[in-house]
Amino acid sequence: MRDTLLIALFAFLGAVAAGLVGAGVLLLVRRRSLTAHITVVAAVAVGAMFAGTLAVAQAMFLSAHDLTVVTTVVAMAAVVSLATALLLGRWVAARSRALTLAARSFGDGGDFTSPDGPATAELAALSRELEATSRKLAQSRDRERALESSRRELVAWISHDLRTPLAGLRAMSEALEDGVAADPDRYLRQIRAEAERLNDMVGDLFELSRIHAGTLALSPSRISVYDLVGDALAGADPLAREHGVRLVGDRVEQVPVEVDGKEMSRVLGNLLVNAIRRTPADGTVAVAAERSADGVVLSVTDGCGGIPDEDLPRVFDTGWRGTDARTPPAGAGLGLAIVRGIVEAHHGRAAVRNVSGGCRFEVTLPTADV
């Protein structure tokens, strides 16, 4: 038992000495490649075994022949271990370089594609994370490009829509100033109407800026969708009468929702105004509210004749107004963008689809907790 303990002690001391030397070498090569680190670790393992063997051999007074045999065995093991370490290190380093080259595509605005061939579990996991990040960056770039395009269109449309009423206001004010207005009262009424139109446009822009900035402050309360729809129908009735459009709201369930009543009234008002302006005279705009598996679905169905399939994904984009046939006489294409922003702020979603003779706008809201 005593001899065994002595052998273990000498072997341990030899291994510790080799380990300390290896730690120093690792410290010196800490900035070198992975191949160098793996080679040093393999050399430390073999060196620890060799040092321990020599220490035990010296303590046990082995013959020169036996010591040569042991040394030769350890040396062969060292050669094989170092060769294996070099091969492993070079393979891992090559895989890492391939991964580095593939990751450079991020900086060039490209997509990441994982290098072909086998890899360690850690490198494979890193490749999967880079692929997921690449997809997210691609989606972010697409959203940024779409937003930038939408902003350019909005600036162009706003500039056009502001120029027309401003030119009219200037012309009418000059006519009043020069005393050449045939009917001053009519001019004054027209000036007020144009001023209200400009005020509405500025209000829409302010609302949209709050939505995009994430500063839209909501004051939710428990409201029945029956009351929301009733108020919205009452508010849109004069415009419907003016356009000869019939409003229908006979499929409205009394379902409670937790929403900001003012903002949600604006959502329904925008949808109804949009539907009335695009429905021909003697047409019908139907409003419904019913439960679904996802919550409460508020829908507005018009008789516009439908939206081209290629335009459906852009309906809620900022500044979108579609074809000339669907361009309203006023506004800058902000109403539906405001609808989507307010609905998403309520953790809901807005959608549109074509139906027979027109299109159906749907707003899905979570139901209020009972």
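In β5, Val-300 is the bridge partner of Val-287. The model is predicted: local features need pLDDT of at least 70, side-chain atom pairs count only at pLDDT 80 or more, and totals for chains, interfaces and linings use all residues. Residues are numbered from 1 along each chain as its sequence is written, and side-chain values use heavy atoms, without hydrogens and water.

Strands (E, at least two residues) and helices (H or I, at least four) are DSSP runs, numbered from the N terminus. Two strands pair if DSSP finds at least two bridges between them.

**The sheet**

The sheet is open and has 5 strands, in the order β2-β4-β5-β7-β6. Its pairing is mixed. At the edges lie β2 (246-252) and β6 (349-355), and each pairs on one side only. Neighbouring strands are turned by 20° against each other on average, direction ignored. Axes here are lines fitted to C-alpha atoms, for helices over the stretch in contact, and angles run from 0 to 180 degrees between N-to-C directions.

Strand β4 (residues 284-292) and strand β5 (residues 295-301) run antiparallel, joined by 7 bridges. A hairpin links β4 to β5 through 2 residues. Ala-288 has Ser-299 in β5 as its bridge partner. β2 and β4 pair in the parallel sense, over 5 bridges. Arg-246 stands opposite Thr-284 in β4.

**Helices on the sheet**

| Helix | Strands touched | Angle with the direction of β7 |
|---|---|---|
| α7 (residues 261-278) | β2, β4, β5 and β7 (358-365) | about 175° |
| α8 (residues 335-345) | β6 and β7 | about 25° |

**The second largest pocket**

A pocket is an open set of points on a 1 Å grid over the protein atoms alone, where a 1.4 Å probe fits, with protein on both sides within 12 Å along at least five of seven lines; lining residues have an atom within 4 Å of a point. The second largest pocket holds about 320 Å³ of space. That volume is the space filled by probe spheres set on the points, which are joined across faces, edges and corners.

The lining of this pocket has 13 residues. Leu-147, His-212, Asp-317, Thr-318 and Arg-340 lie nearest its centre. The elements that give two or more residues to the lining are α4 (121-178), α5 (184-213) and α8. By class, the lining has 5 nonpolar, 4 polar and 4 charged residues. Ala, Val, Leu, Ile, Met, Phe, Trp, Tyr, Cys and Pro count as nonpolar, Asp, Glu, Lys and Arg as charged, and the others, Gly among them, as polar.

How values were computed:
Contact = heavy atoms within 4.5 Å.
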